[in-house]
4 protein chains.
Amino acid sequence: MNIVPYERKAHYYETDQMGVVHHSNYIRWFEEARVDFMDQLGLPFAKLEEEGIISPVVSISCSYKQSVKFDQRVLVSPYIKEYNGIKLIIEYKVAIKETGVICCTGESKHCFLVDGRPVSLKKASPRFDNLFNSLIKSEE
Amino acid sequence: MNIVPYERKAHYYETDQMGVVHHSNYIRWFEEARVDFMDQLGLPFAKLEEEGIISPVVSISCSYKQSVKFDQRVLVSPYIKEYNGIKLIIEYKVAIKETGVICCTGESKHCFLVDGRPVSLKKASPRFDNLFNSLIKSEE
Amino acid sequence: MNIVPYERKAHYYETDQMGVVHHSNYIRWFEEARVDFMDQLGLPFAKLEEEGIISPVVSISCSYKQSVKFDQRVLVSPYIKEYNGIKLIIEYKVAIKETGVICCTGESKHCFLVDGRPVSLKKASPRFDNLFNSLIKSEE
Amino acid sequence: MNIVPYERKAHYYETDQMGVVHHSNYIRWFEEARVDFMDQLGLPFAKLEEEGIISPVVSISCSYKQSVKFDQRVLVSPYIKEYNGIKLIIEYKVAIKETGVICCTGESKHCFLVDGRPVSLKKASPRFDNLFNSLIKSEE
């Protein structure tokens, strides 16, 4: 399956007085890219929620390499880094579209909850489990 | 009853590349001040919601007089401008604490909904109705 | 000239605990649409700033008709409502793309500053002045 | 020196449709706490900037333990975890004020730039260098 990077521009209100995008906003771009990624795969997070499963963020991290300026167009590429049924780690790269320069990288770690309790997707949702497994293998 | 203005500082992430607080944030400050105002009155919005009544924002407006800079301390003063049971209009003044200079003024208009339908607070919640009425009268 | 509405999705982080987009975010969508509008016209705000002219928001307003939910696709359409060289008023309509239902309308009022002082664009930037004039006339 | 934790409430606009504070906002709370911490120490970041030194965020991370709800009062406690003149790592703990329950922990890594180039604070600003050194030692 051919997944394209998530594309968007840096908005004016996302800049701070240093004249660049405030560092907290990249965490939000990761989320936008994650949602878009699942949409492209045909299994949006909304469908997971319809099955009664929520997938909260357990931890996030972000390393800043180069700042993004207002109106610059970026590409955010998410990858499945790790998945074992219980834990999902997604990696992100943010690059300036025009130059390909990497601006930041990061990752988000997720678990899966049913009624507030951690579950394994293997049992809770085989189709999402299959999807995440196939995404890891295809990258090996 | 003695209501004190809501006090807070301008945060770094609230500035934009013009070097001042982005204009959208004042709408959020109005909300913070509105919540604080009701808390001081002893009837927080949460209590209204406990009675099954929500009070969505129907419209907002804001006039910008002078920009606020990072780390400046401001006072936000809300006033009940109009109330008739069905409609509530709250006015706001944002002033630099140190100088008293007015930075912006604005207002938010609210209605009251039970199960998604507009209601009059006169019937739906006499104690909130009394409160809003007393706040208008005390200012006349 | 054929201007297309600005299109975007509602992001997860833009929702609040009512389960809909928080009212403050529409002000930011107006800005995104305004920037896109000028880009489409070939005269981005960045070019105005290159001429030493900034165009701050003097006031904004927004009326909320219907809430937008996470992942809904919206179209934001800006129109030049008023322009006289000194003052520019832009009107916005936000509609759900799929249904055409209007979610909110609003406007932003702008002035033009050189070195912090109000100027008329007639003298300060004839090409922007011509552009704004043509946009009003074309709508009459 | 007696440093008190940074105290604030969770705002309505900081919640998302899960009914809790959106995970990106904690990164902003870290910044608020960091600014407050330096203010309490008598050496605000603004003074560092006056000396021509900026201190950008090189990386951040955050682990989420328990969600924070609207209107809950939290305490954010920053600690200097590591400092060697070139690199500064600040650790944060966010706790519910009423219960003391830890909601999240995280850290931010900073470098120091003069004219866009990395410098050592030992030379660039002895008083900030002394401050950060004393903060590490006092915790050992």
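**View 1. The contact between chain A and chain D.** Twelve residues of chain A are in contact with twelve residues of chain D, where contact requires C-beta atoms, placed from the backbone, to lie within 7 Å. The model is predicted: local features need pLDDT of at least 70, side-chain atom pairs count only at pLDDT 80 or more, and totals for chains, interfaces and linings use all residues. Residues are numbered from 1 along each chain as its sequence is written, while chains are lettered from A and ligands numbered from 1 in the order in which they are written. On the side of chain A that touches chain D, helix 1 (25-40) and strand 3 (57-64) of chain A each supply at least two residues. Strand 3 of chain A gives the largest share of that side, eight residues. Helices (H or I, at least four residues) and strands (E, at least two) are DSSP runs, numbered from the N terminus. By class, the side of chain A that touches chain D holds six nonpolar, five polar and one charged residues. Ala, Val, Leu, Ile, Met, Phe, Trp, Tyr, Cys and Pro count as nonpolar, Asp, Glu, Lys and Arg as charged, and the others, Gly among them, as polar.

**View 2. Strand 3 of chain A and its pairing with strand 3 of chain D and strand 6 of chain A.** Strand 3 of chain A runs antiparallel to strand 3 (residues 57-64) of chain D, and five bridges join the two. Two strands pair if DSSP finds at least two bridges between them. A:S61 has D:S61 as its bridge partner in strand 3 of chain D, and A:S59 stands opposite D:S63 in that strand. Within chain A, seven bridges join strand 3 to strand 6 (residues 102-111), again antiparallel. The bridge partner of A:S61 in strand 6 of chain A is A:E107. Strands of a sheet pair through backbone hydrogen bonds, either parallel or antiparallel.

**View 3. Surroundings of D:S24.** D:S24 lies in the loop between strand 1 (6-9) and helix 1 (25-40) of chain D. D:S24 is buried because 22 other C-beta atoms lie within 10 Å; the cut-offs are 20 or more for buried, 12 or fewer for exposed, and partly exposed in between, with C-beta atoms placed from the backbone. Leaving out residues up to four places away in sequence, D:S24 touches A:S24, A:I27, A:R28 and C:Y13. D:E14 is ten residues from D:S24 in sequence, and their C-alpha atoms are 9.1 Å apart.

**View 4. The contact between chain C and chain A, and the axis relating them.** Nine residues of chain C and nine residues of chain A make up this contact. Helix 1 (residues 25-40) of chain C gives the most to the side of chain C that touches chain A, with four residues. That side divides into four nonpolar, one polar and four charged residues. A rotation of 180° with 0.0 Å of shift along its axis superposes chain C on chain A (RMSD 0.0 Å), and that is the relation of a two-fold axis. The superposition is by least squares on the C-alpha atoms of residues with pLDDT of at least 70 in both copies. The same surface serves both copies, as 100% of the contact residues of chain C recur in chain A. C:R8 is the residue of chain C that comes closest to the rotation axis, with its C-alpha at 4.8 Å.

**View 5. A three-stranded open sheet in chain C.** The strands follow the order 2-7-8, with antiparallel pairing. Strand 2 (53-54) and strand 8 (117-118) of chain C are the edge strands, each pairing on one side only. Two bridges link strand 7 (residues 113-114) and strand 8 of chain C in the antiparallel sense. C:P118 in strand 8 is the bridge partner of C:L113.

Definitions and conventions:
Contact = placed C-beta atoms within 7 Å.
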